[in-house]
Each structure stands twice: as C-alpha cells, then as structure tokens.
Amino acid sequence: IFLYSSGFITFPIMTKYLGTSNYGVFSQVLTLVSLTIPLAGLGLGTAIVKYTAGREDKQTVNREFVSALWWGLTVSFVLTFFFMVFAPQINSWFIKTSDGDVILIFFAFNIVLLTLQKLCMEFFRAKHEVLKLSSLQVVQTILNVIAVGIVLPFGWGLLALVKAQIIINFITLVLQLYLLVDKASDLMPDYRTALPLVRFGIPLVIAGTGNVFLNSGDRVILGYFMNADAVGIYSAAYTWGLVIVSLASPLNFNLYPKLSEKWNQMDTHGLIDIANETSRIVGMIVIPAFIGLLAIGDIILFTLASPEFVVGASCIGIIAFALLLDQLSATPHYILMIEGRSVFYSTIQIVSAVLNLIFNLILIPVAGIVGAAVSTLLAYLFLEGVIWWNVKYSFGELLDIKSLLKQFLAALCMGGVVFLIKKPGIYGLFFSVFAGMISYILFLFL
C-alpha cells in the first residue's frame, strides 16, 4: 500500500508542474518500460514463491534465489540495451515529443533495477517476511515523494526526476539484497541452479506480459493514434482507478503463498476458507472505493490536478470496475497457477491482451480516451469469465457472496449520500470522503 500511495501523494505535484503533455510523456515511458519487466523476469517471481514457500532447506533456497537473480539481470540488461538503441524510433511512434528519446534512454535503466526488485519482493513473500518488505516500501515511497517535491517545484524538469528515480530504485535494490543475501560471496554468478524455476516460469512470461498489456496497452495505442496530452489525461484517470488495486493488493499479498501451502498439504477446506475470508475482507474495502470513485471522480481530478484533466473523469469508473473484477478474482488466478496449468493461464492472458489491443484499435479512433477505458473493461470481462469458467471451484466456494452483496448495497447507499453533498475544492473533497466512510460503516452494520 505504501508503494501505491506514492503515486497518489505525488499526483497533485506532478500534474501541476508537468501539465498534460509531460505527464503523458512520463506515463508513456513508464508504460513502455513496464511491458518489458515480465519478459526480463522470465516468470521467475511466481516460480520462486511456488518452489520456496514453506521450505526449510534455507541454503538450497538461497542458491535458487541468487541464480534467479542472475537470469533476471542478464535478460533485463539485453532489453535495456534494446531500448537505448531504438529510443528514437520508439519516440516517433508512441511519444512524439522532442525530448522523448532522451527520457526513454535514461528511464530504460529501470528495466534492470525493477526486474531485480520484483524478484526480491517475491522472495520476501515466499519467506513471509512482510514486515521487512513493507519497511523497504515505506523508505522507497518517502524517497520518491521527496524527489518529486524537490525536483519539480524547483523547475529542474522531467529528465531530472527520471534520474532521481533511478537513484532511488538503485538504493532500494541494494537494501533488498542486503536483507536477503547473507554474504557477498553468495552473489557469485550461477545459472544452473535456477533452471527448474526457469522452465516453470517461461510459460508465465506470456501471461505476465499479457497482464501488463491488459493494464497498460491502452496508453501505448493512445500514444500512437493521439498525442502525449491524451495519454496524460487518460493516465490521470487510470491513476485514480488504481485506487482499487492499491487497497486490494496488501490484502491479497500473502494469498498466493497461503494457497500454495494449503494445496501442498492437500487441505481443500483450508484453501476454501482462506479464499472466502480474503474475498470478504477485500470486498469490504474495494467495493465502497469503487462506488466512491463513481460519485466524486470529477471532483478528484478538478481539485488535485487541474481543469484540463477533468475530461478524463468519465473513464475513472469504467477502469475502476474492471480492476474491481480482477482483484475479487485473485483466488482463481492463483489456483490455476498452483495446479500447474501455466500454459493454459498464459494462453488466456495473451488472448485477453490481444482482444484489448483489437478493442483499442477499433474504439480509440472513434471514442478517444473513453474508447480506451471501455476496451480495458471488455478485455477484463473476457479474462475473468474464462478464468472462473475453468477453475474447478464455484463462485459460492471461493467468494463470500452474502457478505459481498451486503457490502455492495451499503456502498450504493453511501454513494448516494456522497453524490448529494459533494463540492469542489480540497475541503469539499475531504468532507465527501469522510462522510462517505462514516455513512458506509453505518449502512454496512445496520
């Protein structure tokens, strides 16, 4: 939650000092780089959790982790070099600004850093060392907020901000390795140990890339058909749609290793109990958040960004609903991977990404940013529908339907209250959020 909160904290500063165009450039470069992280990671993050969660042979597990790091480092370095070489062409296709290639070249260093950070994060998950990981994310968030709060108001520009973020990501990675690796000699090059993890993970590369494209491909297509301003406006709306993910991710964070342990123990009842409890807790938080975004999305963009961003308010609810479906469907996603159906799972992810691409190519020229949002929703509806159809458990087994319906009705009543009292301005926004929280609690427990 701390990692996601950084984006919301810095949002008003970035939109104010960058404007729609430079905010669009930053978002587009981030999107393009994000598409490479699953490729560079070779699916090793998921493999690390599956093969190391709950194991007691610490020395072997550590060797597998370090070996996975070397695989990630090698592939991410190759992809970084590719981005640097082809930066002018990529800029002319998807960014279309005079300094876009320079921004992309510097930002490409994050491919290596973010790939290794991701692998470290998954190892923390496998070891259930959530406190250490959370502490690191707090440090990273604080450093990011400080960087944005200093670099942009002092007029140093987007490129300086990118350089600052490279330094922050490097510091975070060093701290992660310090906490995970006992001594420097353990980091010696080793590729053979992680080969079983690579074999398991490679089919998931397609799934990971498809998932990222499902979340980010709309901005790539927007940049191709339109311009950086459109990308900036849409990205601002998407940022607030991500409130759903930022609230649900900490609650789903340990779900995969917990389900893996129950699966390995052949404890079906325990697995179902964990799924039910998680859906109940996640729904209690994200359902009112979704309704709240529908009610005050326009006020959020007007107050925390600027009037030119408000046109994107119509996209917030559409995006948030798509992400709500995804977060409530976390358990069947994980079950398919635990069952070893990685090829099937990868196929569904890539088909969903291709559908998202097709929908965007059709709808963006017709409906602009709204077309991009609708494309994302349609792709998610397909993905979640196929996932639920093919998992061997029913809705009623994995979701606490009764609790979710009660939460939805309470959230609808809350949304009506918020819609009636909402007012523009920072005080009006905070009052609306506060009133929404109080009314939701009251309606929920009536």
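Are F11 and W240 buried or exposed? Both F11 and W240 are buried, where buried stands for under 20% relative accessible area, exposed for over 50% and partly exposed for what lies in between, with a 1.4 Å probe and protein chains only. The model is predicted, and local features need pLDDT of at least 70, side-chain atom pairs count only at pLDDT 80 or more, and totals for chains, interfaces and linings use all residues. Residues are numbered from 1 along each chain as its sequence is written, and side-chain values use heavy atoms, with hydrogens and water left out.

**Aromatic rings**

A pair of aromatic rings is described by the distance of the centres and the angle of the planes. The search of the whole structure gives 14 aromatic pairs, counted when the centres of Phe, Tyr or Trp rings (for Trp the six-membered ring) lie within 6.5 Å, with planes under 30 degrees apart called stacked, over 60 edge-to-face and the rest tilted. One of them joins F11 and W240 in an edge-to-face arrangement, at 5.6 Å centre to centre and with 90° between the planes. This pair links distant parts of the chain, since F11 belongs to helix α1 (residues 2–34) and W240 to helix α11 (residues 228–241), 229 residues apart; helices are DSSP runs of H or I with at least four residues, numbered from the N terminus. One aromatic cluster is formed by F8, F11, Y23, W240 and F309.

Charged groups also sit over rings, a term that requires NZ of Lys or CZ of Arg within 6 Å of the ring centre and within 35 degrees of the ring normal. R219 lies over the face of Y238 at 4.0 Å from the ring centre, and the charged end of R341 is placed over the ring of F344, 5.0 Å from its centre.

**Helix packing**

Two helix pairs are set out below, with axes fitted as lines to C-alpha atoms over the stretch in contact and angles running from 0 to 180 degrees between N-to-C directions.

| Helices | Angle | Axis distance |
|---|---|---|
| α5 (residues 87–95) and α6 (residues 100–107) | about 120° | 8 Å |
| α15 (residues 313–328) and α17 (residues 342–390) | about 15° | 9 Å |

The angle makes α5 oblique to α6, whereas α15 is roughly parallel to α17; angles under 35 degrees count as roughly parallel, over 145 as roughly antiparallel, 65 to 115 as roughly perpendicular and the rest as oblique. The crossing of α5 and α6 is right-handed, while α15 passes α17 in a left-handed crossing, left-handed being the case where the near helix is turned anticlockwise from the far one by less than a right angle, and right-handed where it is turned clockwise. Contact requires heavy atoms within 4.5 Å, and A87, P88, I90, N91 and I95 of α5 meet G100, D101, L104 and I105 of α6. Between α15 and α17, the residues that meet include I318, F321 and L325 from α15 and V370, L377 and Y380 from α17.

**Individual buried residues**

A147 is found in helix α8 (residues 130–151) and is buried, with a relative accessible area of 9%. Apart from neighbours within four places in sequence, A147 is in contact with L152, L161, A164 and I168.

P332, in helix α16 (residues 330–338), is buried with a relative accessible area of 0%. Residues up to four places away in sequence not being counted, P332 touches I387, W388, V391 and L398.

In helix α13 (residues 255–264), the buried residues are L255, Y256, P257, L259 and S260. Just after α13, M266 takes a positive phi of about 55°.

Key. Helices (H or I, at least four residues) and strands (E, at least two) are DSSP runs, numbered from the N terminus.
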